[in-house]
Amino acid sequence: GMQMLFNTLDALKRKMVMGIIIFLFTGLTLCLVPVSYIPVLGKALGFCLLCLSILKILDFLSSKKGLMHYIGLSLGLLAGVAGIALFSIDGLFLGLLNWLTGTLPILLGLVSLYFALTYLRRSGRKGWWVFVILSCLLLVFGTVLFVNPWAGDQRSVLWVIGGTLFYSAVIYTICLFWIWPFQQKNSVGDEK
């Protein structure tokens, strides 16, 4: 049971590092980018989603075709459709951003809460409940953004989304440092 917990934490750490880098980069970009660049960002995102879609399809073709691979393929195809839509429909990018801004912190909050309650609590680390509070803050943040009172002002939307991503990255960084030392300390104990 404990070994599985370590493997899960290890995979989680890799995903979190990637997530933190993406969130920080995207958050900062959105805070700094001029409003006039929004249509260009939409096209760029559309292009990225199309590339992601192609990679997912290729990944599926070379896989063992398990359930997870079918889910990955479905997500890849959805990404492709979204990419084409972003390319062809003006104003869709900001609408999507607005919707994502509310949804993302709620999803991240739920995921963080789940990991805090399942893994951090079981790891016996002191102060794991702090992470529960930070996760709940993300949930509150997301809920407030879902009824986005700034939806009309493009600059505010970009700042709010950038800020949310930045905040998410900070929380994940805190969580990462919480998990990291715990892995090494225990794996040394396992080898004895």
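## Starting at proline 39

Proline 39 is exposed, because its relative accessible area is 53%. Proline 39 lies in helix α2. Leucine 94 is 55 residues away along the chain, yet the C-alpha atoms of proline 39 and leucine 94 are separated by 8.6 Å.

Before going on, a word about what you're looking at. This is a predicted model, where local features need pLDDT of at least 70 and side-chain atom pairs count only at pLDDT 80 or more, while totals for chains, interfaces and linings use all residues. Residues are numbered from 1 along each chain as its sequence is written, and side-chain values use heavy atoms, with hydrogens and water left out.

## The overall layout

How many helices and strands are there in the protein chain? There are six helices and zero strands, so the pattern along the sequence reads α-α-α-α-α-α. Helices (H or I, at least four residues) and strands (E, at least two) are DSSP runs, numbered from the N terminus.

The protein chain has 192 residues, and 38% of them count as buried. Its accessible surface comes to about 11,400 Å², and 76% of that belongs to carbon and sulfur atoms. Accessible areas come from the Shrake-Rupley method with a 1.4 Å probe, and for residues only the protein chains shown count as cover. Now take the contacts with a separation of 6 or more: 80% of them are between residues 24 or more positions apart. Contact means heavy atoms within 4.5 Å.

The structure holds one aromatic pair. The rings of phenylalanine 60 and tyrosine 70 have centres 5.0 Å apart and planes at 65°, so this pair is edge-to-face. The pair links distant parts of the chain, ten residues apart: phenylalanine 60 sits in helix α2 (residues 38–61) and tyrosine 70 in helix α3 (residues 67–88). As for the rule, rings of Phe, Tyr and Trp (its six-membered ring) pair if their centres lie within 6.5 Å; planes under 30 degrees apart count as stacked, over 60 as edge-to-face and the rest as tilted. Phenylalanine 60 is buried, with a relative accessible area of 10%, whereas tyrosine 70 is partly exposed at 44%.

Which residue lies over the face of phenylalanine 60? That's lysine 65, at 5.1 Å from the ring centre. A charge sits over a ring if NZ of Lys or CZ of Arg is within 6 Å of the ring centre and within 35 degrees of the ring normal. Lysine 65 is found in the loop between α2 and α3, and lysine 65 has a positive phi of about 65° although it is not a glycine. With 35% relative accessibility, lysine 65 counts as partly exposed.

Aspartate 59 also has its place in helix α2. Aspartate 59 is partly exposed, with a relative accessible area of 44%. Aspartate 59 and glycine 76 are 17 residues apart in sequence, and 9.7 Å apart in space from C-alpha to C-alpha.

## A buried serine

Is serine 135 buried or exposed? Serine 135 is buried, because its relative accessible area is 0%. Serine 135 is found in helix α5 (residues 128–146). Leaving aside neighbours within four places in sequence, serine 135 is in contact with Gly109, Ser112 and Leu113.

Leu28, Leu32, Phe166, Val170 and Ile174 make a nonpolar surface patch of about 430 Å². Patches are made of residues with over 30% relative accessible area and no salt bridge; like charges are joined within 9 Å, and nonpolar side chains (Val, Leu, Ile, Met, Phe, Trp, Tyr) within 5 Å. A salt bridge is a side-chain nitrogen of Lys or Arg within 4 Å of a carboxyl oxygen of Asp or Glu.

Helices α1 (2–32) and α6 (154–191) each supply at least two residues of the patch, and the largest share, three residues, comes from α6. Phenylalanine 166 has its place in helix α6 and is partly exposed, with a relative accessible area of 35%.

Conventions:
Buried < 20%, exposed > 50% of the residue type's maximum accessible area, 1.4 Å probe, protein only.
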